Amino acid sequence: MKHKFLAVIMAIATALCMAFSVTACGEKGNETGNNPPVVDPSGGEQGNQGEGGTQKPDDGEQGETPAPHVHSFGEWKVTKESTCKEAGTKKRSCACGEKETQTLPLAGHDFENMICKVCGIQASLGLEYTLINEDKEYEISGLGDCKDTDLIITNNYEGAPVTSIGDHAFELCSKLTSITIPDSVITIGEMTFYGCTSLISITIPDSVTSLGEGAFYGCEGVNSIDIPDNVTEIKAYSFSRCGEMTSIDIPSSVTSIGISAFLGCWGLTSIDIPSSVTLIGRSAFTGCSGLMEIKVDTKNQTYHAKDNCLIETHSQTLILGCKTSKIPDDGSVTKIGDGAFDGCSGLTSITIPDSVTSIGGDAFLDCFGLTSITISNNVTSIGYGAFQDCKGLTSIDIPSSVTSIGNNAFSSSGLISITIPNSVAWIEWGTFAFCSNLKEVHFENPNGWKVSRNEDMSDAKAVSGLDDPATAVKYLTDTYCWNYWKREG
Ligand SMILES: [Zn+2]
Ligand SMILES: [Zn+2]
């Protein structure tokens with residue numbers, strides 16, 4: 001009797017279970033759908049709805065055939081608000097009962113009369129405030145009388161939210177060591193923290209959508225900065241000379257990286273460009289001499305990385321290299337871009353492959369450690385300042401494909417001897433300036449050279465005696481050093 005009773009219970013339970021799953025499926029089918037269906041983001045790892053794992057979400061009417069179950073999660077619901085002390089959580093669920101939970105970031109302090117209502121911390125007093133946006137919001141405009149070195153900025157002041165930290169607000173405040181920015185702030189202005197040389201820690205909340213030019217320029221002591229997920233532009237000079245910063249996470253909201261944005265960030269060891277970036281400005285990573293790894297998301301349409309070279313795909317221009325770079329010889333690079341290896345002091349040797357036809361301006365500027373370079377026979381031009389300050393470079397073979405050499409191309413380099421091939425007919429001013437070790441210049445063709453102070457070669461003067469290597473040195477480094485040189489015939 002007891003046994004039979006149990007069996008009945010079991011049967012009812014099974015029937016209920018099945019009914020439930022049928023209902024769940026039916027619900028799914030009839031759903032009017034405020035939210036688009038979502039494929040199980042766990043990729044079926046959790047084992048539920050296994051048969052749905054490989055199916056695509058059903059994007060059209062399929063008649064009577066019941067579609068495999070695809071989770072359709074509702075809106076995220078905050079189940080626990082974050083505070084400044086404790087992280088909150090949010091949940092969302094599918095009609096089938098599947099739930100997802102995520103942790104929320106810590107909230108900023110919430111001040112009342114400059115005391116945090118939650119943790120009791122005191123906001124910094126004495127800062128300068130300026131009313132903005134039709135006097136409805138406040139901007140922090142300066143340090144004022146504040147003597148704090150660990151700055152805690154309030155999220156509201158005299159009944160209005162603090163939404164901005166103004167241009168130059170903390171410029172050259174060299175005593176500041178940490179800054180906590182409230183999550184009411186949307187804008188950080190230009191040069192706002194310029195030259196805050198003692199600053200070690202700065203927290204930028206995700207509420208911030210705009211960082212001004214040069215905002216953190218020269219924050220030499222800062223070891224990490226989280227760029228908020230809503231920032232679309234890393235503007236010019238934003239993080240220049242943040243030398244202690246060892247890593248930077250460029251969020252996938254960013255579409256452009258401005259000129260010199262990370263100039264002189266010598267502590268950076270790797271960069272990873274997300275797929276969203278479509279513009280990288282000149283010198284964005286110049287002088288990042290610690291770089292060892294350059295990566296680009298493979299979905300990026302504008303740039304790609306290979307062998308630790310950052311390449312602008314369409315123009316086949318190598319725009320950034322580092323000390324571990326090997327220039328790909330697969331034909332994907334035809335130009336070494338302006339400043340590509342500028343300041344890469346750890347680079348010791350490099351081979352420029354056959355696909356390359358030009359070496360840009362300042363391409364290897366300040367590569368103090370470069371001792372060996374091999375240039376392919378297809379390079380026709382060597383840009384201005386290309387090997388300037390390459391102190392370790394004592395010799396270089398200029399291939400007989402080169403026709404022109406830009407100004408200052410070898411100035412202040414370690415060259416001892418060089419041969420100018422017959423193909424070269426144009427040398428700009430200062431090309432061998434300050435080459436104090438230079439003993440011999442061999443002109444393959446010493447005849448037909450003229451010099452002029454003017455690029456159009458007006459008032460040109462013929463030069464003779466270039467068949468003597470010592471005379472050639474004197475003329476190139478001294479007598480006619482600051483002239484344009486042109487050979488005719
Ligand atoms: Zn589901
Ligand atoms: Zn607090």
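**Where to be careful**

Over residues 4-61 the pLDDT stays under 50, pLDDT being the predictor's confidence in each residue, from 0 to 100. For that stretch the model has 39 contacts beyond four places in sequence. A contact here means that the C-beta atoms of two residues, placed from the backbone, lie within 7 Å. Where pLDDT is low, the predicted coordinates should not be read in detail. The mean pLDDT of the chain is 88, and 87% of its residues reach 70 or more.

Now the conventions. This is a predicted model, in which local features need pLDDT of at least 70 and side-chain atom pairs count only at pLDDT 80 or more, while totals for chains, interfaces and linings use all residues. Residues are numbered from 1 along each chain as its sequence is written, and chains are lettered from A and ligands numbered from 1 in the order in which they are written.

**The chain overall**

How many helices and strands does the chain have? It has two helices and 35 strands. Both are DSSP runs numbered from the N terminus: helices are H or I with at least four residues, and strands are E with at least two. Of the contacts with a separation of 6 or more, 33% are between residues 24 or more positions apart.

Of the 489 residues, 38% count as buried. Buried means that 20 or more other C-beta atoms lie within 10 Å of the residue's own; exposed means 12 or fewer, and partly exposed is in between, with C-beta atoms placed from the backbone.

S8 and S11 (residues 178-180) run parallel and are joined by three bridges. Two strands count as paired if DSSP finds at least two bridges between them. Leu151 has Ile179 in S11 as its bridge partner.

Another open sheet of three strands, also with parallel pairing, has the order S15-S16-S18. Why is one side of S15 and of S18 left without a neighbour in the sheet? S15 (233-234) and S18 (279-280) stand at the edges and each has a single partner strand, so one side of each has no neighbour there. S16 (residues 256-257) pairs with S18 in the parallel sense over two bridges, and Ser256 stands opposite Leu279 in S18.

**The core**

Which residues have the most contacts inside the largest nonpolar core? They are Phe216, Phe262, Leu310 and Phe364, in a core of 120 residues. At least three residues of this core come from each of domain 2 (110-220) and domain 3 (334-489); the domain bounds come from an automatic or database domain assignment. A nonpolar core is a set of buried Ala, Val, Leu, Ile, Met, Phe, Trp, Tyr and Cys residues joined through C-beta atoms within 7 Å. In soluble globular proteins, nonpolar side chains tend to be buried together.

Phe262 touches several residues beyond four places in sequence, among them Phe239, Leu268 and Cys288. Leu310 has Leu320 in S22 as its bridge partner. The strands there, S21 (residues 309-312) and S22 (residues 317-320), pair in the antiparallel sense over three bridges. Their hairpin has four residues between the strands, and Gln316 in it takes a positive phi near 55°.

**Some single residues**

Asn308 is not a glycine but has a positive phi of about 60°. Asn308 sits in the loop between S20 (303-306) and S21, and is partly exposed, with 19 other C-beta atoms within 10 Å.

Glu158 is not a glycine either, and its phi is positive at about 45°. Its place is the loop between S9 (156-157) and S10 (160-165). Is Glu158 buried or exposed? Glu158 is exposed, with 7 other C-beta atoms within 10 Å.

Ser141 counts as partly exposed because it has 19 C-beta neighbours inside 10 Å.
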